[in-house]
Structures are given as C-alpha cells and as structure tokens.
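Student: Could you walk me through this model? I'd like to get from the overall layout down to a few single residues.

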Amino acid sequence: MNARTRDDRRRTGRRVLISLLVTLLLLGGLAGAGAYLWSHYGDGISQALGWTTNDYEGEGSGEVVVVITEGEIGEDIAASLEEADVVKTADAFYSLLLEQPEEVAFLPGSYKVKSQMSAQAALDALQNPDNRMAFTAIIPEGKTVEQTLELVAAGASIPIEELQAATEDVAAYGLPEGVDSLEGWLFPATYEFEEDTTGAEAIAELVSTQIQVLDEMGVAPESREAVLTKASIVQREGGRIEDFPKVARVIENRLAQDMLLQMDSTAQYGYGQHADGSVWSTDEALADDNPWNTYVHKGLPKGPIANPGRDAISAVLSPPTGDWIYFVAVNLETGESVFSTTQEEHESAIGQLNEWCAANPDQGC
C-alpha cells in the first residue's frame, strides 16, 4: 500500500466522521426543537388528534367548596374551578359556557361541588341551588381585607358596602393601641352566619376569632401586630406549609443582621400589585417609597400585608435554627423553594427557577 492510498483513506475516514458528526448534530437539533415545540404545543396537538381531552369525565368525587364573588365573569369562574381541580381546564368550562343558548348567570356564594368533574357536571352543580351554602363564608389564608370582604359578601349575602363601612372603624374591635387597619386581623376560616347578621357583626366575629387564636398561642397583646406582620409575609412568601418555618427564620436572620428584608410580597402590596399572583415584581413596585416596601425601608413593613393562618403564625413563633439568608421558589407548580446562606448559592437557585420557567412558560412565570 503506497502513501497516497493511505492518505486518501485517512481523508475519506475523516470525511465520513465529519458527516456522521454533522448528522448527529442535526438530529440533536431537531430533537431539541421538537422537544421545545412539544412542550409548548403538545397538549393542543394531542387534543386536536383526539389522543387526549381537556375535560374530565363523569360526576367527580369527594367534596370541594368554591366561592363565586360579586362581579366575577365566566372566565374568572372557569379559572377558579381549574385551580381547585374541579374541572380539568378552564378552557373546557369556558367553552361550554359559550355554547349555551342563553347567557349563564351565577349567583354569588359558596358552593359544594366535587373534584375532577366534567365541565357539564360542574356547570350543572353551580346552577343547582341545593349546592349553595346559605350564609357561609369560606376565607382562605393569605387574602387581604379587600379580598376577604368580597368573600364574606358573597357567602353571607351581606352588602359589600356595609362590610367596607364596618372595617373603617378599627377602634371598635378592641385591637392594640396603634393598630389602624384590620389587615391581618380577619382570621381565615369557614364562618356560618345568621340570615340577619350585620356587616359589623360579621367583621367582629372574624377579628375575635383571630384574637382567640393569638390567645391560644400565647401571643401578648403588645406583640400581636408584629407577629401578624411577620406571619402575613410568611403566608404570602412560603410556597409550601412545610417551608413556612424556614421563611420565618430568614426574616429573623435578616432583621438580626440589619439587612433589608427585600420581600417581594411587601413591595407588591404597597404598590397595589399583590392580587395578580405573580412571583415577579415590577421595577416600579420595588422602587416605590411606601411604608410597606421592604426593598426601600429596613425592618418590618408598616403592618400586615394579608390575613395569615395558624400555620404561618406558628412558624413565626417557633422558627427553626438555621443561618439561611435567602430563598426562592424553584417550582411554581409545587411551591418548592430553595434556601441559601450565600449569594452564590442564591444565584444558583434563581437559575433553577429560570430553567423551570423556560420549560413551563404558562405556569405563572
């Protein structure tokens, strides 16, 4: 075999190797592109081809309570039903509403329905007056005063204007000196009212329940506003109940080191962006000089930013030992958070969140 022949074979071998590498890269690129497209459009494609459906089948099981408030439209109700896993998708329920020969009217209130119902079964249940819970208000944790009043008005059939007027006279409810708002003081729970309950009586019951809980947990009157303020941040920031104690510890550690708390929930509340459910804060909200913004002012915000529940209050009263300074949610679906002690660790965790958001663009990112 001469040198020319050996060189030709080497060049041929290199060309074959290069061709294989290019082919593999192209296939890899196509696979990556396919994965990206499928992550964004796969559900729609599957539904269009009849492989999957965006609706559950049947009457469902168990019991779920959903609340319809005054002024909510079909899209709002559809979103609430999906969030509670009453229907599989908001689209399935809303599309069914659009198919009705006449516009569907919903009466505000609390309704007993089931989990994983078909859109039709859910619609039938919400139109059945037997499923409406008379004079019952269900208040979830983490709602603001404004949101709580809407739920009480819907569940207890008390005019919203009457409830709003009742919250203006803060001094009427025997709160500690210096408290000038009922934010944080309306305990989240299920309340059953009488038909003739007034707005002031309803608010008094929510406040007295919060005071009773604080008494049971041994919180002295002079400490209650601070405890509720911390607990309201824990309630809004903690994605999972099991993470509440760690969030409380981060708050204590930052306060002890004279650091800015830098809690997005406080900036959003002070700027009026707390109701959209986003984990991201606008530059305007972060920079706004209001007494709740812990990106601008050191220490605790002016007061609570929501009504915390028992778990959040308990976390504030008994935070675990730890030197965490940072935390960030890395999965907005499960609420999983990563807690860090250094800026470098925190930046890495933020990278995890960004990766999750890139893979789940329609999940609150």
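**Overall layout**

Tutor: Let's start with the count: the chain has 13 helices and 7 strands. Keep in mind that this is a predicted model.

Student: What percentage of the chain's residues count as buried?
Tutor: Buried here means a relative accessible area under 20%. The chain has 365 residues, and the share of them that count as buried is 39%.

Student: Which residues have the most contacts inside the largest nonpolar core?
Tutor: In soluble globular proteins, nonpolar side chains tend to be buried together. The largest nonpolar core here has 54 residues. Elements giving two or more residues to this core include strand 4 (136-138), helix 5 (145-156) and helix 7 (199-216). Those with the most contacts inside the core are Val152, Leu175, Leu182, Ile203 and Val234.

Student: Which residues does valine 152 touch?
Tutor: Leave out residues up to four places away in sequence. What valine 152 touches is then Ala137, Ile139, Ser157, Leu163, Phe193, Ala202 and Leu206.

Student: How many residues are in the second, separate core?
Tutor: Val87, Ala121, Ala122 and Leu126 are among its members. The number of residues in this second core is 23.

**Helix 13**

Student: How far apart are the end C-alpha atoms of helix 13?
Tutor: Helix 13 covers residues 343-359, which is 17 residues. At 1.5 Å a residue, helix 13 should span 24 Å. The model agrees with that, as the end C-alpha atoms are apart by 25 Å.

Student: Which residues of helix 13 are buried, and why do they sit on the same side?
Tutor: The buried ones are His346, Ala349, Leu353, Trp356 and Cys357. They share a side of helix 13 because they cover an arc around the axis of only 100°.

Student: What carries the exposed residues on the face turned away, and which are they?
Tutor: Strand 6 (326-331) and strand 7 (336-340) are included in what covers the buried residues of helix 13. The face turned away from that buried side carries the exposed residues Glu344, Glu355 and Ala358.

Student: Which strands are the edge strands of the open sheet?
Tutor: The sheet has 3 strands in the order 1-2-3, with antiparallel pairing. Strand 1 and strand 2 (residues 109-115) pair over 6 bridges, and valine 65 stands opposite lysine 112 in strand 2. An edge strand pairs on one side only, and those are strand 1 (61-68) and strand 3.

**Loop residues**

Student: What is the phi of phenylalanine 135?
Tutor: Most residues other than glycine have a negative phi, and most peptide bonds are trans. Phenylalanine 135 lies in the loop between strand 3 and strand 4, and is partly exposed at a relative accessible area of 23%. Its phi is positive, near 55°.

Student: Where is aspartate 258?
Tutor: Aspartate 258 also has a positive phi, about 55°, although it is not a glycine. Its place is the loop between helix 9 and helix 10 (264-271).

Student: What distance separates the C-alpha atoms of alanine 134 and glutamate 192?
Tutor: Alanine 134 lies in the loop between strand 3 (132-133) and strand 4, and is partly exposed at 49% relative accessible area. Along the chain, alanine 134 and glutamate 192 are 58 residues apart. Their C-alpha atoms are separated by 8.3 Å.

Note on methods: Residues are numbered from 1 along each chain as its sequence is written. This is a predicted model: local features need pLDDT of at least 70, side-chain atom pairs count only at pLDDT 80 or more; totals for chains, interfaces and linings use all residues. Side-chain values use heavy atoms; hydrogens and water are left out. Helices (H or I, at least four residues) and strands (E, at least two) are DSSP runs, numbered from the N terminus. The expected span of a helix is 1.5 Å times one less than its number of residues. Buried means under 20% relative accessible area, exposed over 50%, partly exposed in between (1.4 Å probe, protein chains only). The arc is that of the directions from the helix axis to the C-beta atoms. Contact means heavy atoms within 4.5 Å. A nonpolar core is a set of buried Ala, Val, Leu, Ile, Met, Phe, Trp, Tyr and Cys residues joined through side-chain atoms within 4.5 Å. Two strands pair if DSSP finds at least two bridges between them.
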